[in-house]
Amino acid sequence: MEPFIEKTYFLSASDANAEGELSLTSLTTNIIDIATDHANALGIGNPSMADMRAGWVLSRITIDMEEVPKVNSHYVLRTWIEDFNRHYSARCFSIKSPEGKVYGYGRTIWLIIDAVTHKNLGLSHLNMPQDLILGEKAPIPVQEKHFPIVGPDEQPSGRAIKATHKPFRYTFKYCDLDFYRHVNTVRYVTMLLNQFTLEEHDKTRVKRMELSFLHEASYGMNTMLMRSDSEKDPLLSSFQLSDESSGEALLFARVKRV
């Protein structure tokens with residue numbers, strides 16, 4: 001067993017975006033898949049917890065890219081454990097060219113939940129040898145605090161901020177779900193990227209994307225996504241996804257474009 005794992009990917013047209021670069025949806029999928037492969041290799045993956053009806057779920061993900069691989073090129077994705085305690089596991093990623101050129105880094109926070117009750121079980125039941133925890137930190141900032149977003153016609157109070165765009169409403173369907181029957185991470189990424197026009201994507205690219213999950217979204221849930229562009233930096237957008245029925249926040253996110 002190694003404290004890291006890496007894989008080389010060929011960036012075909014099916015994994016590229018409209019600008020001919022590695023799409024964030026494909027990168028997010030591969031980040032989750034390689035994290036799963038490494039956990040399985042270490043003996044702490046979902047198959048090892050099947051008798052407990054438990055499994056890993058993503059709590060936070062940050063992707064920070066200085067440059068993006070182009071279509072018909074190769075890139076190398078590497079992952080390792082930064083921290084592992086009784087509450088969560090922090091896992092980092094590097095995205096590089098085969099020659100070692102750095103494209104970017106990622107960081108994820110993982111929890112273990114009961115697959116039936118969806119309650120947090122903690123990690124104290126797992127035996128993780130210390131020599132398999134690399135401890136190295138990805139050289140990107142950790143997520144800053146996310147603030148609540150109120151509608152464009154509402155007056156924010158406290159540390160809340162006002163939406164600068166009309167709310168986007170969406171009802172989650174069958175193809176939005178994953179194995180746990182809650183909404184797949186990549187569906188959230190797709191939803192966020194679709195808030196920007198094709199012209200905006202052509203003129204800018206996503207430098208950094210942060211997602212922080214608060215509560216699960218499920219099949220048939222009517223949701224409302226609010227976007228607030230920063231007054232100081234119009235290319236920095238904050239998002240809040242809420243259950244429209246209860247008003248409960250499901251997700252906070254931040255997208256920085258350059």
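Guide: First, a salt bridge is a side-chain nitrogen of Lys or Arg within 4 Å of a carboxyl oxygen of Asp or Glu. This is a predicted model, where local features need pLDDT of at least 70, side-chain atom pairs count only at pLDDT 80 or more, and totals for chains, interfaces and linings use all residues. Residues are numbered from 1 along each chain as its sequence is written, and side-chain values use heavy atoms, leaving out hydrogens and water.

Visitor: How many salt bridges are in the whole structure?
Guide: The search finds 18.

Visitor: Which residue pairs with Arg53?
Guide: Asp114, with the closest N and O atoms 3.6 Å apart. Arg53 lies in the loop between α1 (24-41) and β2 (54-65), and Asp114 in strand β5 (residues 102-114), so the pair ties together parts 61 residues apart in sequence. Helices (H or I, at least four residues) and strands (E, at least two) are DSSP runs, numbered from the N terminus.

Visitor: Is Asp114 buried or exposed?
Guide: Asp114 is buried, at 8% relative accessible area. Buried means under 20%, exposed over 50%, and partly exposed in between (1.4 Å probe, protein chains only). Arg53 is partly exposed, at 47%.

Visitor: Which residues join into one network?
Guide: Asp64, Glu66, Lys207, Arg208, Glu210 and Arg254, through salt bridges that share partners.
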